[in-house]
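Here are my notes for you, as numbered points to read with the model open beside them. I begin with a pair of strands and then turn to charged side chains.

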Amino acid sequence: MSAFTGATSDDVAVPGADLLAALLDGMDAALCAFDAEGTVTHWNREAERILGWSAGEAVGRRGFEGWAARSADAEETLGRLMGAMRGPGRQVHEFVLLRKDGGRVLVRSQAAGVRGADGGPAGVYCAFSEVHVQLDLERSVALSEALFEDASWGVVLVDADLRPAVINAHAGRAFGAGRTALLGRPLGDVVVQGAEELEAALQHVLAEGTPASPAEVWVTLRTASGERRRCWNSGFLRLSSPMAEEPVPLGVAWLFQDVTEERLAAREADRMRFRWSQLHRAGAAVAECEDPTEAATVLLDFALAGFADHALVDRPAGERRLTRTLATPAGAVPGPSSPVVGGGIPLRYGPRHPALQAWDRIGTVRASAGRTAEVWAEAHQWPGDAAHALCVVLRSRGRTLGVLTFLRAACRKPFEREDVVYAEAVASRVAAALDLADAGTP
């Protein structure tokens, strides 16, 4: 008896044969087997689905001639398959088979030899599938490998517990860690800010499915070189098992691109458009002011919007002595700039005060408080919430008319180089208005 005998639909006396037949019929791949003489001994349901020939019609035939292959191809096809009986490992072949309805099918097969009890060649088993199905599978595998090796965006597979299970090289670099360093760890280990938003998005995808559009997520990362603020344009895909009768979520595929530079550039462009729009509006309002001092306060009020919390104007009162002439309210309730009532008393500025430095340099000075912002503000005779200062000298007709100081609270960023350009543009307009007021022009 052949090594394959006992697994057909007619031979059901042996329980082991029943089990083998059930296993073969339950496979997703088409499978057939031949004994040493090339006679079909096994033919499962998937093979029947692809070609239309039942096990009863296939088992017992020698090769494919006269039924599953053209006569001109049958012997060559069988010879290639039976060659695996004596060759090492598995052999891959492509050949054309015939359906029962006469249609032709290009299949790709993997054939391997089977040894008998004595160790000699006993036959061949062959698993096959339609070539287009195999190509679809290979494309899926190739896509997966490309995403995790060569993709120009980050790819992270997150399991149902919201922990990274697979990370591609790009994502590892984005996180500032290796591909294996984050596996199985909570996102909060590397994401200082934004981890809650990320986990909420992942939980939503697990519960509700893939969202219709990408989302931008701002995160702060903890890296060896310090914290980094990044913006990631993120897409999420819920992964479900194809092996289950009902979809079982395996996790989420998270794909992202770093768009930080683009978003910061767009934000900066929006900010600059707003600021220069404010100056344009201020110019229109100033044109209606009869009093030059009022014009200066109007300019300051327009300039403060979105730029600073306070504006102060100090005018000269002797050698390296300044007196406060214009200021915004120092209390909790904001308000417009206005002349200082009872002004004229020189301010007790120390020799290293930023306003005096700007006066001496005839230039702009930036300064920020340390940890004791309130003490710093009090020492500089500024409002108590001041933590960042920008002092700009007021110049008109080749003369220094005073110092304009913009102040920001601790909750805001320090002044940057881009802020200096805007502050100096405002200062030139304020200086022209004050010069006009000094000249006594109505």
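Predicted model: local features only at pLDDT ≥ 70, side-chain atom pairs only at ≥ 80, totals over all residues.

1. Strands E3 and E4 (residues 104-115) pair in the antiparallel sense, over 9 bridges. Two strands count as paired if DSSP finds at least two bridges between them, and strands (E, at least two residues) and helices (H or I, at least four) are DSSP runs numbered from the N terminus.

2. Residues are numbered from 1 along each chain as its sequence is written, and side-chain values use heavy atoms, with hydrogens and water left out.

3. The E3-E4 pair belongs to an open sheet of 5 strands, in the order E2-E1-E5-E4-E3, with antiparallel pairing. Its edge strands, E2 (40-43) and E3 (90-98), each pair on one side only. On average, neighbouring strands of this sheet are turned by 25° against each other, direction ignored.

4. Helix H4 (residues 71-82) packs on this sheet and touches E1 (30-35), E3, E4 and E5 (121-130). Contact here means heavy atoms within 4.5 Å. The direction of H4 makes about 160° with that of E3; axes are lines fitted to C-alpha atoms, for helices over the stretch in contact, and angles run from 0 to 180 degrees between N-to-C directions.

5. Now the charges: how many salt bridges are there? The count comes to 21, taking a side-chain nitrogen of Lys or Arg within 4 Å of a carboxyl oxygen of Asp or Glu.

6. One of them joins arginine 230 and aspartate 258, at 3.0 Å from N to O. Arginine 230 lies in strand E10 (residues 226-240) and aspartate 258 in strand E11 (residues 249-258), so this pair ties together parts 28 residues apart in sequence. Arg230, Asp258 and Glu261 are linked in a network of salt bridges.

7. Aspartate 435 also forms a salt bridge, with arginine 399, their closest N and O atoms being 2.6 Å apart. Because aspartate 435 sits in helix H12 (residues 417-438) and arginine 399 in strand E17 (residues 399-409), the pair ties together parts 36 residues apart in sequence. Aspartate 435 is buried, at 7% relative accessible area, whereas arginine 399 is partly exposed at 37%. Buried means under 20%, exposed over 50% and partly exposed in between (1.4 Å probe, protein chains only).
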